[in-house]
Amino acid sequence: MISTILLTIFHTQTIIGDLYGSHFQSKRCIFLGNLLIVASSNIYMASVSKALYRLSRVIHQQCRCFQRTRFYIITPLVQISLSLLLLCPLFLWEAVVYLPREHYCFVSQTNFRGILWAVFSIYIVPIICILTIYVRITMYINKERKTQTKIIRRRQSRDVVVIQRILITVGLLTLAGAPAAFFLIRLLITGNIHPLTSRVTWLIAGVCLTGLSVTLTFSIPQLKSIVLKNSTPSQTISMSTETTTNGIQMRLSTNKK
């Protein structure tokens with residue numbers, strides 16, 4: 001959610017800067033650029049946390065430490081701490097600067113060290129962790145399927161459905177970071193920076209994050225029911241009105257008799 005808001009702000013600044021030549025260089029701009037880095041890293045780390053949760057349910061369901069409330073309170077704090085720890089070099093290097101051609105603040109494309117570390121810490125490390133965890137879960141399910149009872153199979157079948165939904169989320173996250181990785185590899189090979197690197201990267205990232213929000217909404221049954229309930233108020237009102245009208249007509253016909 002935070003990432004989507006920040007991307008909207010940056011796209012707005014880019015449009016205003018292109019049309020009117022405005023500049024947005026300020027400490028607030030630097031802060032928002034750093035906040036976008038932290039928020040993006042936290043999105044990927046949240047997916048790692050979900051993958052670890054599924055790993056605990058499928059393979060380590062007998063371990064009591066995963067069944068304690070304290071574990072789920074500590075997990076978000078550890079997730080944020082790891083994100084900040086990985087991003088510390090960018091903060092120490094003051095890698096986030098104002099980009100006059102793009103009209104927002106982020107790591108400059110000419111800062112090879114900063115761009116490389118940003119892609120590595122925000123994108124590559126979480127994706128490798130997620131893929132490793134789900135490969136482990138898949139191998140375990142295929143290995144243990146023949147020796148499991150029906151109850152365990154039903155539980156794991158539900159987990160498989162959830163894992164499939166999470167993999168869709170991971171796919172969107174992978175697609176969101178793919179342009180940045182592609183342009184980085186292109187920079188390493190050619191030594192030239194494509195002029196549309198930032199705009200293509202953030203455009204695709206914004207579309208993927210929007211799709212991610214929709215996917216998460218419909219993958220959680222409680223949110224899905226709320227959205228569907230709020231999206232059909234007219235049908236409910238028309239049905240209640242029709243029922244009331246029919247009731248009144250039946251009463252009138254009874255009184256006449």
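Which hand, left or right, does the crossing of α2 and α3 have? In this predicted model, the crossing of these two helices is right-handed. Helix α2 spans residues 27–58, and its axis comes within 9 Å of that of α3, the two axes crossing at roughly 135°. Helices α2 and α3 are therefore oblique to each other, since an angle would have to be over 145 degrees to count as roughly antiparallel.

Helix α2 also packs with helix α1, which comprises residues 2–20; here the angle is about 140° and the axes are 9 Å apart. That angle makes α1 oblique to α2. In contrast to the right-handed crossing of α2 and α3, α1 passes α2 in a left-handed crossing.

Within helix α2 lies methionine 45, a residue that is classed as buried because its relative accessible area is 9%, where the limit for a buried residue is under 20%.

Helix α3, which runs over residues 69–93, contains valine 78. With a relative accessible area of 42%, valine 78 is partly exposed, as this class lies between the limits of 20% for buried and 50% for exposed residues. Valine 78 contributes to a nonpolar surface patch of about 460 Å², which is made by this residue together with Ile73, Ile74, Leu82 and Leu85.

Key: Residues numbered from 1 in each chain as written. Predicted model: local features only at pLDDT ≥ 70, side-chain atom pairs only at ≥ 80, totals over all residues. Heavy atoms only, no water. Patch = residues over 30% accessible without salt bridge, like charges linked within 9 Å, V, L, I, M, F, W, Y side chains within 5 Å. Areas by Shrake-Rupley, 256 points an atom, 1.4 Å probe, with all protein chains shown as cover. Salt bridge = Lys/Arg side-chain N within 4 Å of Asp/Glu carboxyl O. Helix = DSSP H or I, 4+ residues; strand = E, 2+ residues; numbered from the N terminus. Buried < 20%, exposed > 50% of the residue type's maximum accessible area, 1.4 Å probe, protein only. Axes fitted to C-alpha atoms, helices over the stretch in contact; angles between N-to-C directions. Parallel < 35°, antiparallel > 145°, perpendicular 65-115°, else oblique. Left-handed = near helix turned anticlockwise from the far one by under 90°.
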